[in-house]
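Here are my notes on this one, jotted down while going through the chains. Have a look at the structure first, then read on.

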Amino acid sequence: MIIAFLAQTIRIAIPYLFAAAGGTVAERSGIISLTLEGFMLTGAFTAALGSWYSGSPWVGVLCAVAGGVVFGMIHAVATIRFRANQVVCGVAINLLAIGVTRFFLELAFDSASNSPRVPGFSAGVGADGGAAARSGSALPGLFHNPLIPIGLLAIPLVAWVLYRTPFGLRVRAVGEHPEAAATLGVPVHRVRYMAVAVSGALAATGGAYLALDQHQFTDGMSAGRGFIALAAMILGGWDPMRAGVACLFFAAAEALQIDLQGTQALASQFVQMIPYVLTIVALMGLVGKAVAPAALGKEEA
Amino acid sequence: MTAVTLRARAEEAFLPPIVALLIALVAGDLLILSVGQSPASVLAMMLQGTWGNAYGLGQVLYKTTTLICTGLCVSVGLRAGLFNIGGEGQLAAGGFAAALTGLALPAATPSVIAVALCVLAAVASGGFAGWVPGVLRARFGAHEVITTIMLNFIILAALNWAISTGLRVPETLHTHDVHAGAVAPLASVIPAFHGSAANLSLVIVLAAAALTGWYLFRTRGGYDLRAVGLQPEAAEYGGVRVGRVWTRALTLSGALAGLGGINFVLGYKHYYEDGFATGYGFLGIAVALVGRNNPWGVVLASLFFATLSQGGLAINAVVPRQMVDVLQGVVIIAVAASVPEVRRVMRFGRRGVRAR
């Protein structure tokens with residue numbers, strides 16, 4: 001029971017972990033990550049597309065990374081090179097992702113709602129109705145899907161890069177005080193481009209996990225998960241490890257809600273609210289104030 | 001006013017919509033070509049299906065009505081220097097309150113009173129949904145971009161719970177029809193619009209746009225609001241209580257979004273339905289951007305985006321209607337990215353003239 005619960009928690013947490021890891025990198029460089037939702041949706045779609053045409057889920061993952069980087073670059077060029085407002089552009093990236101995935105879903109698969117079944121990693125919900133996920137045998141099943149261990153590693157990896165490598169130091173420098181960083185010869189724009197590309201690649205991999213786990217892409221598949229990752233990042237005070245803990249906590253709440261579904265003990269809608277309410281509480285400073293990178297969202301270094 | 005400032009103001013007003021229109025045309029043509037169709041015939045089809053017949057125009061006007069509200073919502077926030085991304089939740093809250101009021105009133109309530117009460121309920125609940133992030137910002141310093149997004153999800157989940165636990169007609173996700181408070185269709189005044197969703201909410205919403213313009217540009221409160229938006233420190237120094245203005249601005253902003261709820265609930269379906277607000281909040285940002293945060297600019301920009309949205313349905317037979325979803329995103333990014341750039345280039349040009 002406990003093991004099944006943990007397994008379920010980890011399954012739910014993986015897309016959050018990928019996206020929160022990516023969002024942390026971009027925001028620490030000073031670029032607002034309202035885009036995570038769009039990156040995930042794009043990644044889910046391009047993963048399904050790549051997996052469908054190649055027959056290999058790994059090609060799907062590569063396509064997701066490519067799709068995420070392309071969308072990240074659109075955002076980066078608009079906001080860094082052309083100084084578009086980051087909030088406006090972030091919202092537009094999400095709308096664009098919805099539009100592009102729908103348009104090409106229609107063109108590639110002649111459907112307004114979903115792709116056909118594509119090769120993926122796990123047995124998937126189609127095969128056994130998700131019974132394996134709920135039964136005790138779920139824990140070994142976790143490792144059928146290689147994106148699960150990769151997702152679990154993404155957070156410590158980002159933490160290591162941010163705090164232990166020269167690139168991470170530069171990211172944090174341009175996010176806190178771009179003028180000072182520029183004076184020291186740090187190429188502010190280039191660092192930010194790379195940070196946004198990394199966030200696109202990571203969040204899109206989270207999206208790929210969704211599509212490849214369910215063996216298909218469905219319209220609007222990211223379903224707000226990018227915003228939950230954003231919430232986790234803020235709740236974690238822009239620190240990757242703490243953001244990862246927040247992701248796991250949100251996922252555990254969802255897993256608990258799924259277990260309680262039959263009992264009517266708690267309406268699912270109130271469990272859904274948990275991440276958002278906690279984020280607001282964190283921003284209010286009631287439990288240790290969440291402080292954003294100093295140059296976050298500021299125009300022009 | 002000197003010629004230069006006049007020219008600068010004209011640029012400020014007309015540059016974004018012109019850029020938006022051009023980009024939409026070019027990107028639209030490319031997408032149409034990519035599916036092997038002729039742009040000219042598809043665009044003609046789009047115009048025919050929107051402005052070319054009374055039904056199409058009625059649908060455009062219906063969508064315009066809601067967009068004006070969420071566009072005004074974002075604009076009022078931006079005038080005060082605040083980003084209200086919570087339009088969708090505030091719109092849904094307004095529609096829900098209007099439906100509850102319409103359900104609670106006896107069917108015999110005189111129409112004028114019933115509509116007024118429902119509108120008031122919509123405005124009040126949208127306003128409350130805006131007041132919350134206002135207070136969070138003013139009292140606690142919680143950034144409104146994040147809190148309004150989070151409140152969207154909270155409000156929508158709460159409404160979904162309310163609908164699914166008993167307020168709905170069984171097997172649906174909507175309430176029963178309101179007993180009182182229905183707004184007459186536009187066809188009751190102009191019979192040609194018969195069959196379209198357009199209704200007299202449009203008149204109420206246009207009045208709200210006029211009132212918003214009057215408040216922003218002709219009253220002391222509006223002056224304070226704009227002063228805070230331009231330079232909060234200076235406004236504070238000038239004796240304006242910035243926190244209070246923020247709260248007031250977001251309350252007003254939310255109230256305007258909430259008003260939009262009457263279009264669907266009172267004017268069209270006569271019930272609240274889960275998900276009716278989807279997409280309108282974010283499109284409000286596009287409307288405000290292209291409309292330059294000016295109430296009449298917002299009205300025109302709403303017409304533009306509503307035409308685009310309805311036009312997608314008109315061309316669906318030859319080009320996937322999802323094309324307009326792509327165009328919306330492209331237009332927003334292009335306007336946001338090109339306006340600062342074009343302005344910068346023009347400024348260099350002008351400086352060059354002066355140097356000579």
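This is a predicted model: local features need pLDDT of at least 70, side-chain atom pairs count only at pLDDT 80 or more; totals for chains, interfaces and linings use all residues.

1. As for α5(B) itself, its 30 residues should span 44 Å at 1.5 Å a residue, and the C-alpha atoms at its ends are 43 Å apart, which agrees.

2. Next, the chain contact. On the B side 36 residues are in contact with 35 residues of chain A. The elements of chain B giving two or more residues to this side are α5 (111-140), α6 (144-167), α12 (280-290) and α14 (323-355). The largest share is from α14(B), with 13 residues. Sorted by class, the side of chain B that touches chain A has 27 nonpolar, seven polar and two charged residues.

3. Now a helix pair inside chain B. Helix α4 (residues 87-104) of chain B packs against helix α10 (residues 242-259) of chain B at an angle of about 55°, and their axes are 7 Å apart. The two helices, α4(B) and α10(B), are therefore oblique to each other. Their crossing is right-handed.

4. Who meets whom in that pair? From α4(B) come B:Gly87, B:Gln90, B:Leu91, B:Ala93 and B:Gly94, and they meet B:Gly254, B:Ala257, B:Gly258 and B:Leu259 in α10(B). By class, this contact of α4(B) with α10(B) has four nonpolar residues, five polar ones and no charged ones. A reminder for reading such lists: an α-helix has 3.6 residues a turn, so residues three or four places apart point the same way.

5. A word on B:Thr109, which sits in the loop between α4 and α5 of chain B. Is B:Thr109 buried or partly exposed? It has 17 C-beta neighbours inside 10 Å, so B:Thr109 counts as partly exposed. Leaving out residues up to four places away in sequence, B:Thr109 touches B:Ala114 and B:Ala180. B:Tyr280 is 171 residues from B:Thr109 in sequence, and the two are 31 Å apart in space, C-alpha to C-alpha.

6. Last, over to chain A. In helix α9 (residues 166-176) of chain A, the buried residues are A:Arg170, A:Val171, A:Ala173, A:Val174 and A:Gly175. What covers the buried residues of α9(A)? The cover includes α1 (2-28), α8 (147-164), α10 (178-183) and α11 (188-214) of chain A.

How values were computed
Residues are numbered from 1 along each chain as its sequence is written. Chains are lettered from A and ligands numbered from 1 in the order in which they are written. Axes are lines fitted to C-alpha atoms, for helices over the stretch in contact, and angles run from 0 to 180 degrees between N-to-C directions. Helices (H or I, at least four residues) and strands (E, at least two) are DSSP runs, numbered from the N terminus. Angles under 35 degrees count as roughly parallel, over 145 as roughly antiparallel, 65 to 115 as roughly perpendicular and the rest as oblique. A crossing is left-handed if the near helix is turned anticlockwise from the far one by less than a right angle, and right-handed if clockwise. Two residues are in contact if their C-beta atoms, placed from the backbone, lie within 7 Å. Ala, Val, Leu, Ile, Met, Phe, Trp, Tyr, Cys and Pro count as nonpolar, Asp, Glu, Lys and Arg as charged, and the others, Gly among them, as polar. The expected span of a helix is 1.5 Å times one less than its number of residues. A residue is buried if 20 or more other C-beta atoms lie within 10 Å of its own, exposed if 12 or fewer, and partly exposed in between; C-beta atoms are placed from the backbone.
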